[in-house]
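Here is a friendly briefing on the pockets, the packing and the overall build of a protein model. Have the viewer open as you read.

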Amino acid sequence: MEKTQFKGSVMLNPVPVVMVTSKDKDGKSNVFTVAWIGTVCSKPPMLSISIRPERASYKMIEESKEFIVNIPSSNQVNETDFCGVRSATQIDKIKEMNFTMKPGSQVNVDYIDECPINIECKVTQIIKLGCHDLFLAEVVQTHIDSSLIDEKGTICFDKANLLSYCHGEYY
């Protein structure tokens, strides 16, 4: 197999794509799209998201130390992309997308009810990296659409039709 060399670049693709909700100290909520997310620990359950410091949600999450990961399904490609390319400083993305927001049970952040899976998180550490900072967070609650759970109590992720992202394209 012949190989072509590329400059140093992370080539882990595809990656999951999610919409992250957060709330500022005045109670204003925001949503933005994140494709740099991953599982980092199982006991305690933890995940990470990478955020550019100039993103509006960065400050909200940095101050509150809470956020919710909303995992969209394939019928939410337009909403997911919209929330990734629009700024909260210019538009209320939650209102514009007509999302149904429900209060988290363990964090003071609302989740997107239309997403089949919602993961409540509390930040444990922020690591400054470069153009992005890594937010490590403990998972404190998960909400799963009941239609995805079979009679044995198993989560049927194949029924969720989840999205992934790869260099500007959704799959």
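β1 (15-16), β3 (29-34), β5 (45-51) and α2 (77-85) each supply at least two residues of the lining of the largest pocket, and α2 gives the most, with four residues. This is a predicted model, where local features need pLDDT of at least 70, side-chain atom pairs count only at pLDDT 80 or more, and totals for chains, interfaces and linings use all residues. Residues are numbered from 1 along each chain as its sequence is written, and side-chain values use heavy atoms, with hydrogens and water left out.

**Largest pocket**

- On a 1 Å grid over the protein atoms alone, a pocket is an open set of points with protein on both sides within 12 Å along at least five of seven lines, and lining residues have an atom within 4 Å of a point.
- The largest pocket has a volume of about 780 Å³, where a volume is the space filled by probe spheres set on grid points joined across faces, edges and corners.
- Its lining consists of 25 residues, and Val15, Ala35, Trp36, His132 and Tyr165 lie nearest the centre.
- By class, the lining of the largest pocket has 14 nonpolar, eight polar and three charged residues; Ala, Val, Leu, Ile, Met, Phe, Trp, Tyr, Cys and Pro count as nonpolar, Asp, Glu, Lys and Arg as charged, and the others, Gly among them, as polar.

**Second largest pocket**

- The second largest pocket has a volume of about 370 Å³.
- Its lining is made by 21 residues, with Ile37, Thr39, Leu47, Ile71 and Ile119 nearest the centre.
- β4 (37-42), β5, β6 (66-71), β9 (117-128) and β10 (133-144) each contribute at least two lining residues to the second largest pocket, and β4 gives the most, with five residues.
- The class count for this second lining is 17 nonpolar, four polar and no charged residues.

**Cavity**

- The structure holds one cavity of 30 Å³ or more, a cavity being a set of grid points where a 1.4 Å probe fits but cannot get out.
- Lys28, Ser29, Asn30, Ala88, Ile91, Asp92, Lys93 and Ile94 line the largest cavity, and β3 and α3 (93-96) are the elements that give two or more residues to this lining.
- The lining of the largest cavity has three nonpolar, two polar and three charged residues.

- In helix α1 (residues 56-64), Ser57, Tyr58, Met60 and Ile61 are buried, meaning under 20% relative accessible area with a 1.4 Å probe and protein chains only.
- The buried residues of α1 pack against β2 (18-23), β3, β5, β6, β9 and β10.
- Just after α1, Lys65 takes a positive phi of about 65°.
- Asp110 sits in strand β8 (residues 110-112) and is buried, with a relative accessible area of 19%.
- Beyond its neighbours within four places in sequence, Asp110 is in contact (heavy atoms within 4.5 Å) with residues including Thr21, Lys23, Ser29 and Ile68.

**Whole protein**

- The protein has three helices and twelve strands, which are DSSP runs numbered from the N terminus (helices H or I, at least four residues; strands E, at least two).
- Of the 171 residues, 40% count as buried.
- The C-alpha atoms fill a box of roughly 50 × 40 × 35 Å along the principal axes.

Methods: Buried means under 20% relative accessible area, exposed over 50%, partly exposed in between (1.4 Å probe, protein chains only).
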